[in-house]
Amino acid sequence: MNNRQKISALSMMFRILKRDITVAWRRRSDVMSVFFFFIIAASLFPLGLGVDLKLLHSIAPSVLWVAALLSCMLSLPRMFETDHVDGTLEQLIISNQPILLVAMMKMLAHWVLSGLPLVLIAPLIGLQFNLNMEELQMLALSLLLGTPTLSLIGGIGAALTLGLRGGGVLIALLVLPLYIPVLVFGSGAVNAVTMGMSASGGVALLGAVLALALIFAPLTASYALKISVE
Amino acid sequence: MYWESMSDFLHMGGYGLYVWVSFGITFASMAVEIYMLRSRRLSNEASNEKIKGLL
Amino acid sequence: MNLFKYASPQTFYPLAGKLILWFAIGAAILILVGLYIGLLVAPTDFQQGDSYRIIYIHVPAAWFSMFLYVVMAGYAIMGLTFNAKLAYMMAKSIAPTGAMFTFVALITGAFWGKPTWGAWWVWDARLTSELILLFLYIGYMSLQAAIDDTRRSDRASAILAIVGVINVPIIYFSVKWWNTLHQGSSINTSGSSMAAIMLQAMLIVAIGFWLYSTAVILTRVRREIEERARNTAWVNETKE
């Protein structure tokens, strides 16, 4: 035990994050399918509604936000699944590893792979809806603040429903009530810009919800993981 | 008594439908809740009898 | 008198059994009295006409949808802190009644909204968060139904209940924080802007609902105690 290397918390967090992203990336199709779901789902609306640009413009914030929300939700069951299935999660909990860090890094990994791509691609999709530059910027900003919250809250749902049958639908049922405020604030911010009003209120609320989620979600999820695994 | 007659009461100043349907749904919900508790008890007792018969 | 002995399901069971009938009778009396006053004695509303009388159900139901959720979350905290089975059983028994009152609050609200403000539903802060409350109750019950292991089910749903409790203050304060169609609070600690007799009728119905809830919830806890005891007894019987 005397040549055990001293590992700082930060480097441990980075290692866990790197591991989770690597493991998830090995199942690239899962990651990409979320991405493509968003693109397809959002594009259904212009396809369905035809060339009524004004209508598209008015529904764009809500449609894009709902599509982003559903895409984030799609990959939630897998957040802890791979580690749970092969027993790694149980080992982590039994050992000295702080579950809090594990939960936090898994949520971060989820966001990097499911949320961040949406932030980057949404403005491009938004062009289909005839949104202008200012609106697209607010869309990106609101998603940037909102999608981490979705990953954080979604992580609680994933931890609670670990290994249960009914998987994705059950997570949706648990997590959607908590997602609704994020949706309302996020699409509200973009809607405000389309109407020429200030979106600072919506952005502030998104930030506040993100801060709250950052504080409480990893703690709650790690507690839930212990309950689900034993 | 605020009302002049029974039909005035049922009419509720024109809003009778809204008032009575909402009251009806409320009491129906409470009745359903009580009924479901009762059928839970009955089915429990039935399966208890079954289990006792098996032992 | 040692009250803590009632924390055990075995001692609580007969106590609950004795109390239920009294709560039920009290509930029936108070609800009927409250509605008698509200429907037959109270004057009509100057602006809204007689459609306002729906509030004698709507407001108490809304109060209880929130109050029961908070109590449920309280029992969830108790269960997690003391690992007390009865606390978990109480939380589990509260949920269906809370969901029922939330449903009633939403429906009666819609029936009141249509004649008064012309809309069955609006997406303002209070209505939306009350709808979220209904979803939270349903999510809680669904999670419990999905988990077979009682211990895990109790504890996981307890966490869910506690996470959701943040919604209740949002419902309560939403009329103050946002410009909404829903009317502002007419009742607060500094007095009321409502006619005295209307307030009295509403409070009587509210207490009636409280007695009703207690009767129903205690009945449900007894069913829960029976079912859990039966499962262990069945297992013990077959060991021979």
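**Chain contacts and a helix pair in a predicted model**

In chain A, 15 residues are in contact with 17 residues of chain C. Two residues are in contact if their C-beta atoms, placed from the backbone, lie within 7 Å. This is a predicted model, in which local features need pLDDT of at least 70 and side-chain atom pairs count only at pLDDT 80 or more, while totals for chains, interfaces and linings use all residues. Residues are numbered from 1 along each chain as its sequence is written, and chains are lettered from A, and ligands numbered from 1, in the order in which they are written.

Three helices of chain A, α7 (133–160), α8 (167–194) and α9 (200–229), each supply at least two residues of the side that touches chain C. Helices (H or I, at least four residues) are DSSP runs, numbered from the N terminus. The most comes from α8(A), with six residues. By class, this side of chain A has twelve nonpolar, three polar and no charged residues. Ala, Val, Leu, Ile, Met, Phe, Trp, Tyr, Cys and Pro count as nonpolar, Asp, Glu, Lys and Arg as charged, and the others, Gly among them, as polar.

Chain C also touches chain B. Here the contact takes 31 residues from chain C and 25 residues from chain B. On the chain C side, α1 (9–41), α3 (85–117) and α7 (196–238) give two or more residues each. That side has 16 nonpolar, six polar and nine charged residues. Of the two pairs of chains that touch, B and C have the most contacts. No contact joins chain A and chain B; their closest C-alpha atoms lie 23 Å apart.

Within chain A, the axes of helix α2 (residues 28–49) and helix α6 (residues 99–128) come within 10 Å and cross at roughly 25°. Because angles under 35 degrees count as roughly parallel, α2(A) is roughly parallel to α6(A). Axes are lines fitted to C-alpha atoms, for helices over the stretch in contact, and angles run from 0 to 180 degrees between N-to-C directions. The crossing is right-handed, meaning that the near helix is turned clockwise from the far one by less than a right angle. Residues of α2(A), including A:V31, A:F35 and A:F38, meet residues of α6(A), including A:L113, A:L118 and A:I121. By class, this contact has twelve nonpolar, three polar and no charged residues.

A:Q91 lies in helix α5 (residues 88–94) of chain A. A:Q91 counts as exposed because it has 12 C-beta neighbours inside 10 Å; the cut-off for exposed is 12 or fewer other C-beta atoms within 10 Å. A:Q91 and A:L17 are 74 residues apart in sequence and 18 Å apart in space, C-alpha to C-alpha.

Terms used: Buried ≥ 20, exposed ≤ 12 C-beta atoms within 10 Å, placed from the backbone. Parallel < 35°, antiparallel > 145°, perpendicular 65-115°, else oblique.
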